[in-house]
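Colleague: I am new to this structure and would like to know what stands behind the words used for it. Could we go through them together?

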Amino acid sequence: MRLSLLFSLLFLSSLSYAQELKYNSLFINKVLTENANAVVRLDQLDVEILSQQKMTVKNKQVITVLNKLGNRNARTGLGYDSSKKIKSMNIVVYDAVGNEIEKIKKKDFKDVSAVDGFSLYIDYRKLYYNYTPISYPYTIEFNYEYETSDTGSIPSWYFLSGFTVSVEKSHYSIVYADAGQKPVIYEKNLESLEFDKKETNNSITYTAQTIPAMKREGMSPSFEKISPKLMARIPNFHYKGFDASISNWKDMGSWVDNNLLSGRDELSPQTVAKAKALVLGVDDDLEKAKIIYKYVQDNTRYISVQIGIGGLQPISAIEVDKVKYGDCKGLSNYTKALLKEVGVTSYYAVVQAGGDKVDFEDDFADLAQGNHIILAIPYNETYYWVDCTSQILPFGYIGTFTDDRKVMIVKPEGGDIVTTTAYVNEDNYQSIMASYELKPDGSISGKTHLVTKGSQYNAHFRLKEKMDEDIVKQFKSRWSSINNLAVANYHFDNNTNDVVFTEDISLSASNYASISGDRILFTANAFNNQNVVPDRYRNRKLPFEIQRGFLDEDIFTIQLPTGYIVEALPNAKEIENEFGTYSVSFEQNADNHSVKLKRRFLLKKGYYPKDKYKEYRDFRKEIASADNAQIVLLKK
């Protein structure tokens with residue numbers, strides 16, 4: 001009897017100790033630590049839809065941060081506004097073996113304006129806590145609950161939150177009061193995910209366990225394109241004071257136009273008169289639009305307010321006109337109002353902006369998609385797109401931030417999914433015409449004339465806004481293969497009408513060539529040397545993507561030093577495959593005083609399976625070899 005009691009006490013003691021140390025990092029499955037900077041021990045979101053105008057959201061997220069890079073995954077803040085009340089919030093921190101070392105209550109969080117110092121956005125606030133770790137690994141548990149009337153913004157669910165993060169357990173549930181609130185759920189990229197889905201007459205639950213981390217690989221598609229996720233909406237919802245019944249994008253556009261935008265385009269009589277005076281005598285709508293866009297650029301400034309905080313509804317145009325600032329919503333609506341007063345039609349457009357192209361889902365209309373607002377101006381059966389937050393982008397040029405992706409434009413007759421301007425392959429053009437002199441001591445001096453268009457324009461035109469010191473730094477970074485580069489002078493021409501940027505640069509460099517006895521060896525391609533070979537992967541996991549492609553055309557004339565002749569000239573080369581084409585040739589003039597290099601490289605946009613990566617890498621490796629080809633000179 002005593003022995004049995006002793007065993008029972010020992011068992012209970014060990015069970016209690018195990019429960020206390022449930023977040024011991026030593027117990028984590030090795031499958032989850034591979035390629036991971038952080039491990040999500042538990043990510044649980046419980047949504048309860050109580051009515052069309054009431055929803056509660058509870059989240060418990062426990063993350064073991066393995067190293068410094070994993071700190072970004074430790075979430076410790078939440079935004080809110082007048083329609084979103086945070087009922088509870090706390091943080092518990094555990095050490096490496098699972099001992100509780102700190103507990104942070106809601107009163108300890110900082111409550112700050114999400115847009116500090118801007119009176120138009122006083123309702124948008126954030127509760128956050130900055131935790132500074134003292135050692136690794138550590139575990140942070142973040143709990144919160146909020147109540148909102150905005151049932152049109154049911155949180156989306158990501159089974160993985162990003163690259164290099166694994167998940168021990170993921171749980172997502174939606175409970176609804178009646179059949180009228182039953183959510184429509186859009187499942188994306190779940191093919192390779194093992195998960196359990198359960199439905200009752202008033203709930204839907206997804207659970208997944210032991211999800212390994214995805215390692216970011218070179219040229220991987222955006223995480224949004226490949227990550228397993230869920231999006232949810234209810235057909236009849238409430239949002240920012242308005243009820244809605246939405247089944248498709250047409251419905252969504254009509255509702256946004258009639259409710260969120262209606263009445264927000266009014267301007268003062270003085271501003272209307274000013275706008276009309278600006279376009280006096282101009283009959284063409286596109287020219288009017290250019291004038292108004294330039295006026296907005298010159299007279300307003302942008303402040304960042306995420307759609308996730310402020311929703312899709314903009315500050316009224318008359319308020320933006322008074323204070324001369326706004327977020328993407330406010331500035332786009334303001335520009336739209338000005339255009340309307342001068343007789344030009346434009347449409348509010350919601351887009352998922354960023355360097356990675358992310359499309360709206362054609363067959364799933366919800367408010368969760370999109371993080372930015374731009375304008376679409378119809379003209380001659382096409383759309384001109386303008387980003388009203390930029391003071392420097394040319395009219396009709398949207399760069400790589402919102403290009404070539406499906407967006408929703410808001411029309412009075414309904415929403416429409418359209419694709420923004422695409423900069424593809426030859427559109428992204430660069431030309432370098434250069435001449436340089438090679439001297440007997442191995443130094444060079446010369447001039448380059450560089451022209452860029454399309455997405456390549458986007459990478460260059462901001463040079464004109466930089467200080468001299470930063471411009472020279474960028475030149476040295478661009479031509480990092482040229483040691484001891486010195487820039488004598490430069491001149492820029494930014495043609496905003498044709499969206500073409502031109503650079504004329506005079507430069508020199510010592511010790512460019514190698515001298516070996518009577519010979520001089522040097523790389524002929526001094527100014528567009530694609531010598532970086534993509535990373536090698538023995539067992540690549542992900543597909544790869546060339547998002548835009550480009551075309552480079554180069555002609556370099558090289559003056560040879562007096563007293564030297566060409567002993568060896570690289571062979572001409574031509575390559576053509578599904579990824580693009582490459583050609584390079586070398587021509588020596590009749591008197592042996594110079595060599596002309598001609599080069600053309602077209603890289604094509606494409607989305608490719610992982611099995612093609614080696615072939616692509618070999619293509620780039622061959623180009624790198626050709627670009628690094630050397631000319632050998634012999635002293636007479």
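Modeller: Gladly! Let us start with pairing: two strands pair if DSSP finds at least two bridges between them. Helices (H or I, at least four residues) and strands (E, at least two) are DSSP runs, numbered from the N terminus. This is a predicted model, where local features need pLDDT of at least 70 and side-chain atom pairs count only at pLDDT 80 or more, while totals for chains, interfaces and linings use all residues. Residues are numbered from 1 along each chain as its sequence is written, and side-chain values use heavy atoms, with hydrogens and water left out.

Colleague: How many helices and strands does the protein chain have?

Modeller: The protein chain has 12 helices and 37 strands. Eight of the strands, in the order S26-S27-S25-S24-S31-S35-S34-S33, form an open sheet with mixed pairing.

Colleague: What makes S26 and S33 the edge strands of this sheet?

Modeller: Strand S26 (485-495) and strand S33 (573-577) each pair on one side only. Neighbouring strands in this sheet are turned by 10° against each other on average, direction ignored. For such angles, axes are lines fitted to C-alpha atoms, for helices over the stretch in contact, and the angles run from 0 to 180 degrees between N-to-C directions.

Colleague: How do you know that S31 and S35 are paired?

Modeller: Strand S31 (residues 550-559) and strand S35 (residues 594-603) run antiparallel and are joined by 10 bridges. Pairing asks for at least two, so S31 and S35 count as paired, with 10 bridges. Along them, Glu 553 stands opposite Arg 600 in S35.

Colleague: Which strands does helix H12 lie across?

Modeller: Helix H12 (residues 613-627) lies across S33, strand S34 (580-588) and S35, and runs at about 165° to S35. Contact here means heavy atoms within 4.5 Å.

Colleague: There is another sheet, in the order S21-S20-S19-S22-S23. Why is one side of S21 and of S23 left without a neighbour?

Modeller: Strand S21 (382-386) and strand S23 (414-419) stand at the edges with a single partner strand each, so one side of each has no neighbour in the sheet. The pairing in this open sheet of 5 strands is antiparallel, and the twist averages 35° from one strand to the next. Strand S22 (residues 406-411) pairs with S23 over 6 bridges, and Val 410 stands opposite Gly 415 in S23.

Colleague: What makes you say that strand S13 is largely enclosed?

Modeller: In strand S13 (residues 203-211), 7 of the 9 residues are buried, so the rest of the structure largely encloses this strand. Buried means under 20% relative accessible area, exposed over 50%, and partly exposed in between (1.4 Å probe, protein chains only). S13 also has antiparallel partners: 8 bridges join it to strand S10 (residues 165-176), and 5 bridges join it to strand S12 (residues 195-199). S12 and S13 form a hairpin with 3 residues between them.

Colleague: Is Phe 27 buried or exposed?

Modeller: Phe 27 has a relative accessible area of 59%. The limit for exposed is over 50%, so Phe 27 counts as exposed. Phe 27 lies in the loop between helix H1 (2-20) and helix H2 (30-33).

Colleague: Why is the contact between Asp 362 and Lys 406 called a salt bridge?

Modeller: A salt bridge is a side-chain nitrogen of Lys or Arg within 4 Å of a carboxyl oxygen of Asp or Glu. For Asp 362 and Lys 406 the N to O distance is 2.6 Å, so the pair meets that definition. Asp 362 lies in the loop between S19 and strand S20 (372-379) and Lys 406 in strand S22, so the pair ties together parts 44 residues apart in sequence.

Colleague: What makes Asp 362 and Lys 406 partly exposed?

Modeller: Asp 362 has a relative accessible area of 45%, and Lys 406 is at 26%. Both values fall between the limits of 20% and 50%, so both residues count as partly exposed.

Colleague: How do you know that Glu 622 and Lys 573 form a salt bridge?

Modeller: Their closest N and O atoms are 3.2 Å apart, which is within 4 Å, so the pair qualifies. Glu 622 in helix H12 and Lys 573 in strand S33 are 49 residues apart. A search of the whole structure finds 37 salt bridges.
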